[in-house]
Amino acid sequence: MVKIHGDWCGPNWTQGRNVPANTPGIDFTAPCQDKLDCGCRTHDKDCAHPDGCSKAGDRKLVSIALKEALNPINILLRPKYADKAAFVAAGIQVQIPFRKR
């Protein structure tokens with residue numbers, strides 16, 4: 001329900017719309033804006049599974065988001081992007097223990 005970044009990052013923010021990842025008609029091959037957005041798109045595809053998001057999918061997104069958040073170029077030239085990436089990493093990290101799969 002909240003856009004954090006791009007077309008794919010945010011709770012129930014999928015393909016630029018306020019819909020859950022398992023909504024029929026979502027095109028997981030649709031473009032993403034940057035590495036963080038692409039990581040979120042992959043995570044959304046994982047979350048579209050009937051049993052929801054997986055711990056492995058969460059860990060993959062956390063890894064991508066942390067790389068973007070800690071990249072010195074992003075910190076210097078795109079600080080808002082780096083902050084969003086850190087926020088995504090933290091938000092997903094806290095969900096991992098509660099995943100069913």
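Colleague: Which way do α2 and α4 cross, left-handed or right-handed?

Modeller: The crossing of α2 and α4 is left-handed. That word applies when the near helix is turned anticlockwise from the far one by less than a right angle; clockwise makes it right-handed. Helices here are DSSP runs of H or I with at least four residues, strands are E runs of at least two, and both are numbered from the N terminus.

Colleague: What kind of model is this?

Modeller: This is a predicted model: local features need pLDDT of at least 70, side-chain atom pairs count only at pLDDT 80 or more, and totals for chains, interfaces and linings use all residues. Residues are numbered from 1 along each chain as its sequence is written, and side-chain values use heavy atoms, with hydrogens and water left out.

Colleague: Back to the helices. At what angle do α2 and α4 pack?

Modeller: About 155 degrees, with the axes 8 Å apart. Helix α2 covers residues 55–70. Axes are lines fitted to C-alpha atoms, for helices over the stretch in contact, and angles run from 0 to 180 degrees between N-to-C directions.

Colleague: Are α2 and α4 roughly parallel or antiparallel, then?

Modeller: Roughly antiparallel. The cut-offs are under 35 degrees for roughly parallel, over 145 for roughly antiparallel and 65 to 115 for roughly perpendicular, with the rest oblique.

Colleague: Which residues of α2 and α4 meet?

Modeller: From α2, Asp58, Leu61, Val62, Ala65, Leu66, Glu68 and Ala69. From α4, Tyr81, Ala82, Ala85, Ala86, Val88, Ala89, Ile92 and Gln93. By class, the contact of α2 with α4 has 12 nonpolar, 1 polar and 2 charged residues. Contact means heavy atoms within 4.5 Å. Nonpolar takes in Ala, Val, Leu, Ile, Met, Phe, Trp, Tyr, Cys and Pro; charged is Asp, Glu, Lys and Arg; the others, Gly among them, are polar.

Colleague: And α1 with α4, what's the angle there?

Modeller: Helix α1 (residues 35–47) packs on α4 (residues 79–93) at about 25 degrees, and the axes are 10 Å apart. That makes α1 roughly parallel to α4. The crossing of α1 and α4 is left-handed. Lys35, Leu36, Cys40 and His43 of α1 make the contact with Tyr81, Lys84, Ala85, Val88 and Ile92 of α4. These residues divide into 6 nonpolar, 1 polar and 2 charged.

Colleague: Histidine 43, is it buried or exposed?

Modeller: Buried, with a relative accessible area of 7%. Buried means under 20% relative accessible area, exposed over 50%, and partly exposed in between, using a 1.4 Å probe and protein chains only.

Colleague: What is histidine 43 in contact with?

Modeller: Leaving aside neighbours within four places in sequence, histidine 43 contacts Cys53, Gly57, Asp58, Leu61, Ile92 and Arg99.

Colleague: New topic. How many disulfides are there?

Modeller: The count comes to 3 disulfides. A disulfide is a covalent bond between the sulfur atoms of two cysteines. Here the rule is a pair of cysteine sulfur atoms within 2.5 Å. The pattern is 1-4, 2-3, 5-6, with bonded cysteines counted along the chain.

Colleague: What does cysteine 9 join to?

Modeller: Cysteine 40, with S to S at 2.0 Å. The torsion about the S-S bond of cysteine 9 and cysteine 40 is about 100 degrees, so the disulfide is right-handed. The pair links distant parts of the chain, 31 residues apart: cysteine 9 sits in the segment before β1 (13–14), cysteine 40 in helix α1. Cysteine 9 is buried at 0% relative accessible area, and cysteine 40 is buried at 4%.

Colleague: Which cysteine does cysteine 32 pair with?

Modeller: Cysteine 38, with S to S at 1.8 Å. That link of cysteine 32 and cysteine 38 is right-handed, with 70 degrees about the S-S bond. Cysteine 38 is partly exposed at 25%.

Colleague: And cysteine 47, what is it joined to?

Modeller: Cysteine 53, at 1.9 Å from S to S. The torsion about that S-S bond is about 115 degrees, so this disulfide is right-handed. Cysteine 47 is buried at 14%, and cysteine 53 is buried at 13%.

Colleague: Last one. Where does glutamine 15 lie?

Modeller: In the loop between β1 and β2. Glutamine 15 is partly exposed, at 24% relative accessible area. Not counting residues up to four places away in sequence, glutamine 15 touches Asp7, Trp8, Gly25, Ile26, Asp27 and Ala30.
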